[in-house]
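Trainee: I'd like a close look at one stretch of this model and what surrounds it. Could you take me through it step by step?

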Amino acid sequence: MKLQVAIDLLTADAALELAGKVADYVDILGLGAPLIKSEGLPVVSAVKKAHPDKLVLADLQTMDAGELEANLAFAAGADLVTVLGVADDSTIAGAITAAAECDKGVIVDLIGVADKVGRANEVRALGAKYAGMHAGLDEQAQPGFDLARLLRMGKESGVPFSVAGGVELTTITDIQQAGADVAVVGSSIYGAADPAQAARKLRGAVMWLPVPRT
């Protein structure tokens, strides 16, 4: 299972500082939508230049003009982009076309999608690399939020999936055992007093977990 840090900060300097602290322990450096909206695509280029050996995800959360937006991100150095699962199939297909032309990947974020299992299979058929089982910050703050439900949907979908929302040291075992391909860690790393130590502990936990049987 790959480990992704969600860099949900607002300045390029802060993003580069965090990436420098945790890059040794993660596989994917995810640049959050607020960061890209604040700093623009140059922050993607800056992080990729600083860490050329890491996958860099531009969390565009594209809703329209999929091919155009994906091409902009890939030209800036992104290896992966996100498109929202509630977008039209043509938008998702456009981003996937752009990705195929430059050997990149598209993650379809299923935040706000009611039937995540069904949509996961649809976007996988379109060519998405992963279906993103994602509960946003607002959803996580609601009473009754249940990470286990996200994991059940991911497992039930039968397609490669990532999990974002409630990923931390106490839940990483459940996430890997559910068969997730990517665990997306946000505040448990960037909000930690020592982000490097937090990322190191998560990496250690992932390394020692048994690989789930399929």
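What is the relative accessible area of A65, and what does that make the residue: buried, partly exposed or exposed?

Mentor: Quick ground rules before we get to that. This is a predicted model, so local features need pLDDT of at least 70 and side-chain atom pairs count only at pLDDT 80 or more, while totals for chains, interfaces and linings use all residues. Residues are numbered from 1 along each chain as its sequence is written, and side-chain values use heavy atoms, with hydrogens and water left out.

Now your residue. A65 has a relative accessible area of 35%, so A65 is partly exposed (buried is under 20%, exposed is over 50%, and partly exposed is in between, with a 1.4 Å probe and protein chains only). A65 sits in the loop between β3 and α4 (helices are DSSP runs of H or I with at least four residues, strands are runs of E with at least two, and both are numbered from the N terminus). The backbone of A65 deserves a look as well: phi is positive, about 55°, although A65 is not a glycine. For background, most residues other than glycine have a negative phi. Q61 is another non-glycine residue with a positive phi, near 50°. Q61 lies in strand β3 and is partly exposed, with a relative accessible area of 28%.

The buried residues of α4 are G66, A70, A73, F74 and A76. Looking down the axis of α4, these buried residues fall within an arc of 160°, so they line one face of the helix (the arc is that of the directions from the helix axis to the C-beta atoms). The face turned away from the buried side carries the exposed residues L68 and A75. As for what covers the buried residues of α4, the list includes α3, β3, β4, α5 and β5 (contact means heavy atoms within 4.5 Å). Just after α4 comes G77, with a positive phi of about 120°.

Leaving aside neighbours within four places in sequence, V44 is in contact with L31, I36, V56, A58, A73, A76, G77 and A78. V44 also stands out in the largest nonpolar core, which has 62 residues: L31, V43 and V44 touch the most other members (a nonpolar core is a set of buried Ala, Val, Leu, Ile, Met, Phe, Trp, Tyr and Cys residues joined through side-chain atoms within 4.5 Å). Apart from that core lies another, of nine residues, among them I28, L80, I107 and V184.

The side chains of K48 and D79 meet in a salt bridge, 2.9 Å from N to O (a side-chain nitrogen of Lys or Arg within 4 Å of a carboxyl oxygen of Asp or Glu). This pair links distant parts of the chain, with K48 in helix α3 and D79 in the loop between α4 (66-76) and β4 (80-84), 31 residues apart. Both partners are buried; for D79 the relative accessible area is 13%. K104 lies in the loop between α5 (89-101) and β5 (105-109), 25 residues away from D79. K104 is partly exposed, at 30% relative accessible area. Put together, K48, D79 and K104 are linked in a network of salt bridges, and the structure holds six salt bridges.

One more lysine belongs in this picture. K54 is in the loop between α3 (42-50) and β3 (55-62), and K48 and D79 are among its contacts, with neighbours within four places in sequence left aside. K54 is buried yet has no salt bridge, and the nearest side chain of opposite charge, D53, is 4.8 Å away (Lys and Arg count as positive and Asp and Glu as negative, with His and the chain ends not counted). What the side chain of K54 does reach is the backbone oxygen of A23, at 2.9 Å.

Key: Polar contact = N/O pair within 3.5 Å; in protein donor to acceptor, adjacent residues only side chain to side chain.
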